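Biologist: I'd like to go through this one with you. Can you put it up?

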Amino acid sequence: MSEIADIYDYVIVGAGSAGCVLADRLTRDGRHSVLLIEAGPEDASPLIRMPKGFGKLLGDPRHVWWFEAQPEAGGPNAPARWHRGKTLGGSSAVNGMVYTRGDPSDYDAWEALGLAGWNWVRMSQAFKAIENHELGEAETRGVGGPLHISPMHEPNAAGDAFIASGQAMGLPLKADLNDPSDQEGVGYAMRTIKNGVRFSAAEAFLKPARRRRNLRVVTDTEVERLIFAGDRVVGVACTGSRGAFEVRCGREVILAAGALNSPRILQLSGIGPAPVLAAAGVQPRLDRPAVGRHMREHRVLFMQFRLNAPRLSQNRELSGLRLIGNVLKYAALRRGVMAQAAYEVGAFLRSRPGLDRPDVQLLMGPFSLALKDAAAGGPLPEALPGLQCLTLPLRPTSEGEVLISSDRADAPLTIRPNFLSTDEDRISAVAGVRFVRRLAAVGPLAELIIEETVPGPDVQSDADILTAYRLFGSPGYHAVGTCRMGAGDEAVTDPRLRVRGVAGLRIVDCSVMPTIPSGNTNGPVMALAWRAADLILEDAA
């Protein structure tokens, strides 16, 4: 391995979705030297390329960070564990590959908070710039960009029935769920898959950039702290296979480590809530109470139904000899069940009359898991045929926190998600469950279903449904806000993503989002990083 240079113009911490976009954009004109540091390994595992391989990857600590939350109040809880990518491409290399943009009003609301330049007009330009969509160019889609987006190529009977029943419930049929005119609707989800192969941020942005001499990529290396000269960040302290070492930067350090790791690095470096830092044994450098706070995250509930025919479900295809056969089929043809995203059908809906936009998201896959007796390694496909529908409040207002517990970089974080703590979130959560039950009882889907198995027909009251979210739910892996940008001094970053109170430091990842875009966050964070690169290059001119 070649030696790391003494100094770079930019040091990017984290080669996830945002970091890969930044590495590409900041090296294109050849003017700037860039070091990209990733805690995990190269993205060489064949399980990354095979879309359904993510189920195995999520149990691999070499490729995935595991963050455990504190138990929530109110009784027993399903473990709240965040699985975050720890390899080139970050979570885009291990996620479910569902691609959403969010609703235009999400970004206009950011600008209304005083975040100039983050409105839908600017963000839609960034989305179009990153996309290469198989359905062709439209207001909804871009073509010619680095990131390949594809529709569903192998529809199935359960998915078709779910969509038809959604239409019977009044949801418009949408060929593209990212149509910005009105988010409400149902249809097959868009995916970051090309010719049956996962198309991660590393594949889209980093792979071409690595041919450039002004980019250096270092893997298996964790950044523990920032290095300061007065009030300016001038480098990072790292540890990895080569031992402990430091790297300096001439222009900026850019944290792109995600909504859990970016606040951790700030706090370990003395930037954060002063009482929390002092209690952890860290000397406060800059008292910033918002660092690690204001976390917003989806709380999802996995609803499951028993189907009346094995051919309708992927369950039998995901175990035993059939699994081996499907892996071999995938290796030869890049088709079949192993070439599919985690969830195949999506829907956005209004939980009640009078709402100006949807507040509930559904994602459906023709499989079911043994949720009620999951082993330590995670739930396995059920033996009998089943269907899973994930429901979640789309724009949660509940806020949690992510705080260090020690001055050691390897110490566990204290994570208090505070899920479903507002009336608004609870109303949407309960309404989503009731909508799915009505949908399952009408149209073609009703003809395929024998019974609801999770949470089960006995779970009827609002209180029981909210308990089911604790027992059978999960984080959505969409945390935002822990280093949120804002127009005032109470925010961690300014609208150009510069950390307030220090020089030479920016944050570019989901942690800066003040609210969750309406849907999955992988697409929005890549568009955010594209827009951030424009700002960084403007400031360097």
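Modeller: Here it is. A word on terms before the cysteines: a disulfide is a pair of cysteine sulfur atoms within 2.5 Å. Keep in mind that this is a predicted model.

Biologist: Take Cys510, then. Which cysteine sulfur is closest to the sulfur of Cys510?

Modeller: That of Cys483, but the two sulfurs are 11 Å apart, which is too far for a bond because a disulfide needs them within 2.5 Å.

Biologist: Is Cys510 buried or exposed?

Modeller: Buried, with a relative accessible area of 12%. Cys389 is buried as well, at 1%. Both values count as buried because the cut-off is under 20%.

Biologist: Changing topic: the nonpolar cores. Which residues touch the most other members in the largest one?

Modeller: Phe205, Leu226, Val236, Val253, Leu266 and Leu505, out of 86 residues in that core. Helix H14, residues 522–540, supplies the largest share of this core, with 12 residues. There is also a second, separate core of 85 residues, including Leu57, Met152, Leu413 and Leu439.

Biologist: Back to Val253. What does Val253 touch, leaving out residues up to four places away in sequence?

Modeller: Its contacts beyond that range are Val11, Val13, Leu226, Val233, Gly235, Val236, Gly504, Leu505 and Arg506.

Biologist: What about phi of Met97?

Modeller: Phi there is near 70°, which is positive in a residue other than glycine. Met97 is in the loop between E4 and H4, and is buried at 1% relative accessibility.

Biologist: And phi of Arg334?

Modeller: Near 55°, again a positive value in a residue other than glycine. Arg334 is located in the loop between H10 and strand E17 (345–349). Its relative accessible area is 36%, so Arg334 is partly exposed.

Biologist: Where is Gly90?

Modeller: In the loop between strand E4 (81–85) and helix H4 (104–112). Gly90 is buried, at 3% relative accessible area. Not counting residues up to four places away in sequence, Gly90 touches Ala15, Gly16 and Gly85.

Biologist: How far apart are Gly90 and Asp29?

Modeller: 61 residues in sequence, and 25 Å in space, C-alpha to C-alpha.

Biologist: Last one, Asn261. Which helix is Asn261 in?

Modeller: Helix H8, residues 258–268. Asn261 has a relative accessible area of 5%, so this side of the question is settled: buried.

Biologist: What does Asn261 touch, with residues up to four places away in sequence not counted?

Modeller: Trp65 and Phe67.

How values were computed. Residues are numbered from 1 along each chain as its sequence is written. This is a predicted model: local features need pLDDT of at least 70, side-chain atom pairs count only at pLDDT 80 or more; totals for chains, interfaces and linings use all residues. Side-chain values use heavy atoms; hydrogens and water are left out. Buried means under 20% relative accessible area, exposed over 50%, partly exposed in between (1.4 Å probe, protein chains only). A nonpolar core is a set of buried Ala, Val, Leu, Ile, Met, Phe, Trp, Tyr and Cys residues joined through side-chain atoms within 4.5 Å. Helices (H or I, at least four residues) and strands (E, at least two) are DSSP runs, numbered from the N terminus. Contact means heavy atoms within 4.5 Å.
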